[in-house]
Amino acid sequence: ELLHLELPPEPYSGTWENLLRYTCVQIFMDEAERCAAKQPQSAEVAQKIITICHAAEGIPLLIELSASRLADKLTLGDIIEEIKDARLGQSGEQRVRRHIKRLFDRLAPAEQLLFARLAVFSGGCTGDAVAEVCSGGIIRKSEVITLLFRLVEGRLLRRQSPGAGERYVMPPFIKKHAEDLLYSSDDASAIARSHRDYYANIGARGGMEVLGPHITQALGALNP
């Protein structure tokens, strides 16, 4: 079930400081900044962002995906028209699926295949795990990290804790789309076996390391 966030009143007559207390507005502004399209804190911009949040029904993923259109050089007015057009005759869930499909369709074949294979991981994954479990065919092990970065840039994957403990995570609704692709493909059984074997080997090694100086890395690797 999709979460619906609290929305600011429309029209809005308060301050930007109060407006940014609404999670939906903060999500939009954060994504705009990631797109190198930081918005000025003017009354006109505030009203347009509120209109987008209302048109998105306060659905966090839909707000984020709408804001990501700034990376395509759309204006706030363009996004308002796009999201209102998409709203006609469609539920919030249908609109989120439509946005996800649009992002997926823009991926290169290797990126699309990796996106689907990532559904095998239940709690996020490390780059090393993806390279071992998901490489094969048109996905070269040496190119996995580059492909992961492209999925992050494409708003279909999130990167957490950059650095030694870096993990890649899919938002639940996006993961459902990846699962549909994986489990309707000929890949599913082979990827499931690869996943099982990888973590069985990690578990065998981790049992020795967990009592030693590498306890943090060992426990992190055991999270599939």
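Modeller: A salt bridge here is a side-chain nitrogen of Lys or Arg within 4 Å of a carboxyl oxygen of Asp or Glu. Keep in mind that the model is predicted. Side chains of opposite charge can pair when their charged atoms come close.

Start with Arg117 and Asp187. Their side chains form a salt bridge, with N and O 2.7 Å apart. This pair links distant parts of the chain, 70 residues apart. Arg117 sits in helix α7, while Asp187 is in the loop between α10 and α11. Arg117 is buried, at 7% relative accessibility. Helix α7 spans residues 109–117 and also holds Glu111. Glu111 is buried too, at 8%. Beyond its neighbours within four places in sequence, Glu111 touches Leu147, Arg150 and Leu151.

Now take Arg158 and Glu64. They meet in a salt bridge at 2.5 Å, N to O. Arg158 lies in strand β1 and Glu64 in helix α4, so the pair ties together parts 94 residues apart in sequence. Arg158 is partly exposed, at 36%. Glu64 is buried, at 12%.

Asp105 and Lys101 also form a salt bridge, their closest N and O atoms 2.8 Å apart. Both are in helix α6, 4 residues apart, so about one helical turn separates them. Asp105 is partly exposed at 43%, and Lys101 is partly exposed at 45%.

Some residues form a network. Salt bridges link Arg69, Asp72, Glu82 and Arg106. The count for the model comes to 19 salt bridges.

Key:
Residues numbered from 1 in each chain as written. Predicted model: local features only at pLDDT ≥ 70, side-chain atom pairs only at ≥ 80, totals over all residues. Heavy atoms only, no water. Helix = DSSP H or I, 4+ residues; strand = E, 2+ residues; numbered from the N terminus. Buried < 20%, exposed > 50% of the residue type's maximum accessible area, 1.4 Å probe, protein only. Contact = heavy atoms within 4.5 Å.
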